[in-house]
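Hi,

Here is the structure I promised to pass on. Have a look at it first, and then read my notes below.

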Amino acid sequence: MRTEKMMMMMSPWDRWYSTSCCLCFHVRTGTIILGVWYMLINAVVLLILLTALSDPEKYHLTSAELANDLDVMDDANMCIASAISLLMILICGMATYGAYKLRGAWILPFFCYQIFDFALNTLVAVSIVVYPNTIQDYLHQLPDDFPYKEEVTALSNICLVLIVLLFIGCIIGFKAYLIACVWNCYRYVSGRGGSEIMLYVTTNETTVLLPPIDDHISVPCKQAPPACISAEATA
């Protein structure tokens, strides 16, 4: 009964709080791996974009090659994409450093990016439901030599919408799990920082900052002052 009452009094954030992710990793380890992975992906994208900018004639795609009226590989768009990739490398590096050095404020920019990315994917799924014909329009804009274009175009519109929604739903679910892992890491790091401050306040008389509980470092207790001995008055 006592456990059930405590569960009812807990907030939804506390019920989903966990210090483990992917069944075996700690949330700190998972956040560090996630940050390094994002940094590697954005570094590869940045390298490709810089290579394309260094030789625009070789990597430039015209509107005829893209089979539409858009020329997406111009220098302005590539410079913007390079700046975004560089910013993402900085944000992911901050998250990795914050998880490693136990600094929660450094993790928040990466968490905000995850929220923005999750909202963007959700809007894409909603737009597909509201405007299902956009999938067929996108398929018709693909080049004629695109792999399996005729087979995919031959499918019914409802079947295409279900396939795309299933694919986007899996991506959204996975991104939501990663958001929860990063948020739990932020709570864990912030909790450790708060415990250190509380230990410092409680032991202010000894002017010693005790380590966290997980470190298991023993600090000698302050010795009690010697008892006062009263002297008798001499006659």
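In helix α8 (residues 133-141), the buried residues are I135, Q136 and L139. They cover an arc of only 95° around the axis, so they sit on the same side of α8; the arc is taken from the directions from the helix axis to the C-beta atoms. On the other side of α8, Y138 and H140 are exposed. Buried here means under 20% relative accessible area, exposed means over 50%, and partly exposed is in between (1.4 Å probe, protein chains only). As background, an α-helix has 3.6 residues a turn, so residues three or four places apart point the same way.

Before you go further, note that this is a predicted model: local features need pLDDT of at least 70 and side-chain atom pairs count only at pLDDT 80 or more, while totals for chains, interfaces and linings use all residues. Residues are numbered from 1 along each chain as its sequence is written, and side-chain values use heavy atoms, with hydrogens and water left out.

**The overall layout**

The protein has ten helices and two strands. Starting at the N terminus, the elements go α-α-β-β-α-α-α-α-α-α-α-α. Helices (H or I, at least four residues) and strands (E, at least two) are DSSP runs, numbered from the N terminus. Of the 235 residues, 22% count as buried.

**Helix α3**

Helix α3 covers residues 27-54, and at 1.5 Å a residue its 28 residues should span 40 Å. The expected span is 1.5 Å times one less than the number of residues. The end C-alpha atoms of α3 are 40 Å apart, which agrees. Among the buried residues of α3 are V27, L34, Y38, N42 and L46. Keep Y38 in mind, as we come back to that residue below.

**Aromatic pairs**

How many aromatic pairs does a search of the whole structure find? There are six. Rings of Phe, Tyr and Trp (its six-membered ring) pair if their centres lie within 6.5 Å; planes under 30 degrees apart count as stacked, over 60 as edge-to-face and the rest as tilted.

One of the pairs is Y38 with Y113, which is edge-to-face at 6.1 Å centre to centre and 85° between the planes. Y38 lies in helix α3 and Y113 in helix α7 (residues 108-130), so the pair ties together parts that are 75 residues apart in sequence. Y38 counts as buried at 15% relative accessibility, whereas Y113 is partly exposed at 22%.

Another pair is F111 with W183: the ring centres are 5.2 Å apart and the planes are at 35°, so the pair is tilted. F111 is in helix α7 and W183 in helix α10 (residues 157-202), which links parts of the chain 72 residues apart. F111 is buried, with a relative accessible area of 14%, and W183 is partly exposed at 24%. Ring pairs also link Y38, F110 and Y113 into a cluster.

**The cavity**

The structure holds one cavity of 30 Å³ or more. On a 1 Å grid over the protein atoms alone, a cavity is a set of points where a 1.4 Å probe fits but cannot get out, and lining residues have an atom within 4 Å of a point. Grid points are joined across faces, edges and corners, and the volume is the space filled by probe spheres set on the points. The largest cavity has a volume of about 40 Å³.

Which residues line the largest cavity? They are Y38, Q114, D117, K175, L178 and I179. The largest share of this lining, three residues, comes from α10.

Conventions: On a 1 Å grid over the protein atoms alone, a cavity is a set of points where a 1.4 Å probe fits but cannot get out, and a pocket is an open set with protein on both sides within 12 Å along at least five of seven lines; lining residues have an atom within 4 Å of a point.
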